[in-house]
Amino acid sequence: MHDVELWSLDELCDHAFAIFEELAVDNLTASDYQAYQQHYESQSYVDLVPPGEGWEELAGAELDPQLHFEAQIGLAGAAGAPDRVLARILLSRDKDESLCHALWRGQF
């Protein structure tokens, strides 16, 4: 068995943002994409959480809670407003594993 090279959690966040930014224009509504473009510098965030329900079925495999994370990317709410989650992206910390599934606002 080979040694597994893992993304750090900060690297995984950067990786999730890169995927999000590449795919957002084709997967978000025009208004959500425009809001993201206008506010990404001051309000964008990514939270890494354990994979929620439904990911194993979508991925077609059992997920390892030490390796697999759901990156929730969105815009922080202003003045007490709730956060707007724009995408949920399933990723692996294993740099050699190509697992990547995304659900976009409106799909969850």
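Phe-20 is buried, with a relative accessible area of 0%; buried means under 20% relative accessible area, exposed over 50% and partly exposed in between, with a 1.4 Å probe and protein chains only. The model is predicted, so local features need pLDDT of at least 70 and side-chain atom pairs count only at pLDDT 80 or more, while totals for chains, interfaces and linings use all residues. Residues are numbered from 1 along each chain as its sequence is written, and side-chain values use heavy atoms, with hydrogens and water left out.

The protein chain has three helices and four strands, in the order α-α-β-α-β-β-β from the N terminus. The radius of gyration is 14 Å, close to the 13 Å that the globule rule gives for 108 residues, so the protein chain is as compact as a globular protein of that length. That radius is taken over C-alpha atoms, and the globule rule is 2.2 Å times the number of residues to the power 0.38. Of the 108 residues, 33% count as buried. Helices (H or I, at least four residues) and strands (E, at least two) are DSSP runs, numbered from the N terminus.

Helix H1 has 19 residues, which should span 27 Å at 1.5 Å a residue; its end C-alpha atoms are 25 Å apart, which agrees. The expected span is 1.5 Å times one less than the number of residues. A kink of about 35° is centred on Glu-21, the bend at a residue being the angle between axes fitted to the seven residues ending there and the seven starting there. The buried residues of H1 include Leu-12, Phe-17 and Phe-20, and their cover includes H2, S1, S2, S3 and strand S4 (100–104).

Helix H2 (residues 30–43) reaches 18 Å from its first C-alpha to its last, close to the expected 20 Å. Its kink, of about 45°, is centred on Gln-37. Asp-32, Ala-35, Tyr-36 and Gln-43 are buried in H2, and these residues pack against helix H1 (9–27) and strands S1 (44–49), S2 (68–75) and S3 (84–92).

The structure holds three aromatic pairs. Phe-20 and Tyr-36 form one that is edge-to-face, 4.9 Å centre to centre with 75° between the planes. Phe-20 lies in helix H1 and Tyr-36 in helix H2, 16 residues apart. Rings of Phe, Tyr and Trp (its six-membered ring) pair if their centres lie within 6.5 Å; planes under 30 degrees apart count as stacked, over 60 as edge-to-face and the rest as tilted. Tyr-36 is buried too, with a relative accessible area of 3%. Ring pairs link Phe-20, Tyr-36, Tyr-40 and Trp-104 into a cluster.

How values were computed. Contact = heavy atoms within 4.5 Å.
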